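Colleague: Could you take a close look at one part of this protein for me, the negative surface patch and what lies around it in the sequence?

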Amino acid sequence: MIKMTTLRDPFQELDRLFNTSHGPAAPAMPLDLYRDGDKFVAKVDLPGVNPASIDIDVEDRTLTISAKREADDKDDRQWLTRERPSGTFARQLTLGYGLSLDAIAADYNGGVLTVTIPIAEENKPRKISVSVGKNADGKIIEN
């Protein structure tokens, strides 16, 4: 027989009670989001999901990421603890204007999904040159 010592977390117990009485809550997909030059990068932890189950959609400036982790259900097992969630997970991000939605790219490696959202060309910062001594028609103005 295996003996386990566990520390009790009162907040975890409250979460368990809330989720039991109000239906199961979808587990969160941890996400990091940052700007890297002229693109935004979202890194989403999705360990153990089948890469073929990952689905990314953009509709009305809402980016939706969903993925599925299969349950490890075998009839001959007696579970002692089961903390790894299974099922379908989803996360939505509202995208602002000025992004190139048709150039979004995604890569899944080592259990981490990386979604790259480039800034649209017309919204990238640019330098405006200042001409001296010319009018709007390009003719030299004499002082």
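**Around the negative patch**

Modeller: Read along the sequence, the pattern is α-β-β-β-β-β-β-β, that is, one helix and seven strands (DSSP runs numbered from the N terminus: H or I of at least four residues for helices, E of at least two for strands). Bear in mind that this is a predicted model, where local features need pLDDT of at least 70 and side-chain atom pairs pLDDT 80 or more, while totals for chains, interfaces and linings use all residues. Numbering runs from 1 along each chain as its sequence is written, and side-chain values use heavy atoms, with hydrogens and water left out.

Now the patch: Asp 55, Asp 57, Glu 59 and Asp 60 form it, and it is negative. Glu 59 sits in strand β3, residues 55–59. Its relative accessible area is 59%, so Glu 59 counts as exposed (exposed is over 50%, buried under 20%, partly exposed in between, with a 1.4 Å probe and protein chains only).

Pro 51 is partly exposed, at 48%, and its C-alpha atom is 8.7 Å from that of Lys 68, 17 residues apart along the chain.

For the whole protein, buried residues make up 19% of the 143 residues.

Definitions and conventions: Patches are made of residues with over 30% relative accessible area and no salt bridge: like charges are joined within 9 Å, nonpolar side chains (Val, Leu, Ile, Met, Phe, Trp, Tyr) within 5 Å. Accessible areas come from the Shrake-Rupley method with a 1.4 Å probe; for residues, only the protein chains shown count as cover. A salt bridge is a side-chain nitrogen of Lys or Arg within 4 Å of a carboxyl oxygen of Asp or Glu. Lys and Arg count as positive and Asp and Glu as negative; His and the chain ends are not counted. The place of a charge is taken as NZ of Lys, CZ of Arg, CG of Asp or CD of Glu.
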